Amino acid sequence: MFRTVLIANRGEIALRVARTCRELGIRTVAVHSTADRESAVVRFADEAVHIGPPSAKASYLHMPSVMEAALRTGADAIHPGYGFLSEDPDFAEVCEAHGVTFIGPPPHVIEKLGDKAEARRLMAEAGLPVLPGSIGAVNGLAEARKVADQIGYPLLLKAVAGGGGRGIAVVRAADELAQAYRETCAHARAVFGDDRLYVERFVEDARHIEVQVLCDRHGGAVHLGERDCSVQRRYQKLIEEAPAPNLPDELRTRMCEAAVRGALAVGYVGAATFEFVVSGDGSFHLMEVNCRLQVEHPVTEMSTGIDLVREQLLIAAGLPLSFRQEDLAPRGWSIESRVNAEDPDRDFAPTPGLLTEFMPPGGPFVRVDSHAYPGWLMGPDYDSLLAKTVVWAPDREQAIARMDRALGEFRVEGHGLRTTIGFLREILAHPSHRAGEHTTGFVGAMTAERQGAATAEAGEG
């Protein structure tokens, strides 16, 4: 097992990784930017190293600084968390070159699956259903038009190097394609340094279901069931749950088996997530494969009792999986809600600021993953995630009630700060969500309902 793990990340995921390392007796090193010098993980880790200014490009994404910190502190492994360098094959190669274990899949696997067009091709070869679209990246607008004529509208233009809901455009008609193509190319070039795009059919009001997979270096591979991540705004997830409600067992089995088959086909090692879209007719298609821990991994941990970070560490150390597929017995229902410092009434605009009060909920079967505390300055440099609230209960109805209770206990105050807590509770209370009938179009429809009600109320006033 590793002696020292450097955590190349920040926020709640850095703290969450550090906790499991401590349980395993592993020394931890936290890296931090100037803005994060007072962060919770800096206080918790055995050692902390300053790696640069607030800009992520000059700190958390700056490979030389991160690697120098690892070598200077004697780290023999690096856990990248999610985001930042977690899916960068170059960084995984740099780790290898310096004899430091990258806790994730091999660089060549990240490279293949990170190229989303290449991933579509590989998964199709492995027999997984992929959405109709271009085989790989399109070679310009003319080829995009040709593919669009074949698959029809609406469609999605997606950045080959995209992620986190960015670099995606919905095109609903042929006369929108040229402008959307130019704008998405420019966005992809600016954000990812790669302006290649691919084309894919857009399935409206679908369900977003993902399957968690673990693979070791000895050919072992298991799935840990599925998560429903359909409650989204602008492709950013708000509420996730496991298992997925109203998903037929036969469909669940086929999706999980497909995910394991796809992972084995590319020689995957570590934790992977296969993201699928499920249409109203019950068909499913692969959207993408994520080569890292997901933000929503706690819902799987709560329903299976498996510590996914612990498994990542064991696998990276060369050990076989600590359990077999038949040993897994998911039970009950788990739900995660993302509490963000955002204003739902201003299109979820971030509301950074100083936290004057932060009191998370408690009680039975409630888990809160957060790095926030009173006095913490939530700056504008990073994402707006304040806390993940996760609950477990024997069934979905009780889990929803527990989540509503937990969110109601949250006390978060700050200068100019708004949160998504009230919006999340509205979602939980909505008849469509309570019936488990929500789709990826749910939040958009609910937002329109809210705006309509507000307009009517203003008119009456």
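This is a predicted model: local features need pLDDT of at least 70, side-chain atom pairs count only at pLDDT 80 or more; totals for chains, interfaces and linings use all residues.

Among the contributors, α9 gives the most, with 5 residues.

Let's follow β10 first. This strand belongs to an open sheet of 8 strands, whose order is β13-β12-β9-β10-β11-β14-β20-β18 and whose pairing is antiparallel. At the edges stand β13 (284-290) and β18 (366-370); each has a single partner strand, so one side of each is left without a neighbour in the sheet. From one strand to the next, the twist averages 25 degrees. At the β18 end, 5 bridges join β18 to strand β20 (residues 385-393) in the antiparallel sense.

Now for α9. The loop between β11 (236-242) and α9 includes P243, and the peptide bond leading from A242 to P243 is cis, with omega near 0 degrees. N246 is in the loop between β11 and α9 as well. Although N246 is not a glycine, its phi is positive, at about 55 degrees. Is N246 buried or exposed? With a relative accessible area of 56%, N246 is exposed, since the cut-off for that term is over 50%.

F348 is buried, however, with a relative accessible area of 5%.

The structure holds 1 cavity of 30 Å³ or more, and the largest cavity has about 50 Å³ of space. Its lining consists of I103, G104, R217, V269, G270, A271, Q312, I315 and A316. Two or more of these residues come from each of β12 (270-278) and α11 (308-316), with α11 providing the largest share, 3 residues. By class, the lining of the largest cavity has 5 nonpolar, 3 polar and 1 charged.

There is also an open sheet of 5 strands, ordered β3-β2-β1-β4-β5 with parallel pairing. Its edge strands, β3 (47-52) and β5 (101-102), each pair on one side only. Inside this sheet, strand β1 (residues 4-7) runs parallel to β2 and is joined to it by 4 bridges, with T4 opposite R27 of β2. Strand β2 (residues 27-33) has 6 of its 7 residues buried, so β2 is largely enclosed by the rest of the structure. Strand β4 (residues 77-79) pairs with β5 in the parallel sense over 2 bridges, and A77 has T101 of β5 as its bridge partner.

Two helices complete the tour. In helix α7 (residues 141-151), the buried residues are A144, V147, A148 and I151. Seen down the axis of α7, these fall within an arc of 105 degrees, so they line one face of the helix. An α-helix has 3.6 residues a turn, so residues three or four places apart point the same way. The other side of α7 has A142, K146, D149 and Q150 exposed. Just after α7, G152 has a positive phi of about 85 degrees. A cis peptide bond then runs from Y153 to P154, with omega near 0 degrees, and P154 is in the loop between α7 and β6 (155-163).

In helix α13 (residues 421-429), I421, F423, L424, I427 and L428 are buried. They cover an arc of only 160 degrees around the axis, which puts them on the same side of α13.

Note on methods:
Residues are numbered from 1 along each chain as its sequence is written. Side-chain values use heavy atoms; hydrogens and water are left out. Buried means under 20% relative accessible area, exposed over 50%, partly exposed in between (1.4 Å probe, protein chains only). The arc is that of the directions from the helix axis to the C-beta atoms. Two strands pair if DSSP finds at least two bridges between them. Axes are lines fitted to C-alpha atoms, for helices over the stretch in contact, and angles run from 0 to 180 degrees between N-to-C directions. On a 1 Å grid over the protein atoms alone, a cavity is a set of points where a 1.4 Å probe fits but cannot get out, and a pocket is an open set with protein on both sides within 12 Å along at least five of seven lines; lining residues have an atom within 4 Å of a point. Grid points are joined across faces, edges and corners, and a volume is the space filled by probe spheres set on the points. Ala, Val, Leu, Ile, Met, Phe, Trp, Tyr, Cys and Pro count as nonpolar, Asp, Glu, Lys and Arg as charged, and the others, Gly among them, as polar.
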